Amino acid sequence: MSNIEALPLLPAPEATEGVVPCCPPLTERPLTAEEAGRTAAMFKALGDPVRLRLFSLVASHEGGEACVCDISDVGVSQPTVSHHLKKLKTAGLLTSQRRGTWVYYRVEPSVVTAMGQMLGSLE
């Protein structure tokens, strides 16, 4: 008889839980102060070359998500990688999920879509 007990799986959190799209298209109406603040935080997070590279690595990774162990080679130390990933997550651009000792990151599609629509309206 085994002493190993199977643990129940927790339901996965909704991908968009707590995420607020950044803003309407720029040609639709002027941004409110709150929308401008959220949007500026997202673009500021992407304004750093290391963060932009990390964001690109996560976005282009097979399956649309990347383990922090797979995206550490960007020319900075692992603690710095973690710092930049946290900034991207705080800005609403990435979501994360802990699996055992590793954290997996995924691009937040609704926010990225909203940012693209906002900029696409300028064409």
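The model is predicted. Read from the N terminus on, the elements run α-α-β-α-β-β-α. If you colour by accessibility, buried residues make up 29% of the 123 residues in the chain.

Next, select helix H1, residues 33-46. Show the side chains of Glu 34 and Arg 38, which both lie in this helix, four residues apart, about one turn of the helix. The two side chains meet in a salt bridge, 2.7 Å from N to O. Glu 34 counts as exposed, at 58% relative accessibility, whereas Arg 38 is partly exposed, with a relative accessible area of 23%. By the rule used here, the count for the structure comes to four salt bridges.

Take Arg 99 and Glu 65: their side chains meet at 3.0 Å, N to O. Arg 99 lies in strand E2 and Glu 65 in strand E1 (residues 65-67), so this pair ties together parts that are 34 residues apart in sequence. The other salt bridge to show joins the side chains of Glu 65 and Arg 106, at 3.5 Å from N to O. This pair also links distant parts of the chain, with Glu 65 in strand E1 and Arg 106 in strand E3 (residues 102-107), 41 residues apart. Both arginines are partly exposed: Arg 99 at 35% relative accessibility and Arg 106 at 34%.

The charged end of Arg 99 sits over the ring of Tyr 104, 4.2 Å from its centre. A search for aromatic pairs finds zero in the structure.

Stay in strand E2 (residues 94-99) and pick Arg 98. This residue is exposed, with a relative accessible area of 57%. Cys 67 is buried, with a relative accessible area of 1%. Cys 69, by contrast, is partly exposed, at 35%. The count of disulfides comes to zero.

Finish on the surface with Leu 26, Phe 43 and Leu 119. Together they form a nonpolar patch with about 230 Å² of accessible area. Leu 26 is found in the segment before helix H1 and is partly exposed, with a relative accessible area of 35%.

Methods. Residues numbered from 1 in each chain as written. Predicted model: local features only at pLDDT ≥ 70, side-chain atom pairs only at ≥ 80, totals over all residues. Heavy atoms only, no water. Patch = residues over 30% accessible without salt bridge, like charges linked within 9 Å, V, L, I, M, F, W, Y side chains within 5 Å. Areas by Shrake-Rupley, 256 points an atom, 1.4 Å probe, with all protein chains shown as cover. Helix = DSSP H or I, 4+ residues; strand = E, 2+ residues; numbered from the N terminus. Buried < 20%, exposed > 50% of the residue type's maximum accessible area, 1.4 Å probe, protein only. Phe/Tyr/Trp six-rings, centres within 6.5 Å; stacked < 30°, edge-to-face > 60°. Lys NZ or Arg CZ within 6 Å of the ring centre and 35° of its normal. Disulfide = S-S within 2.5 Å.
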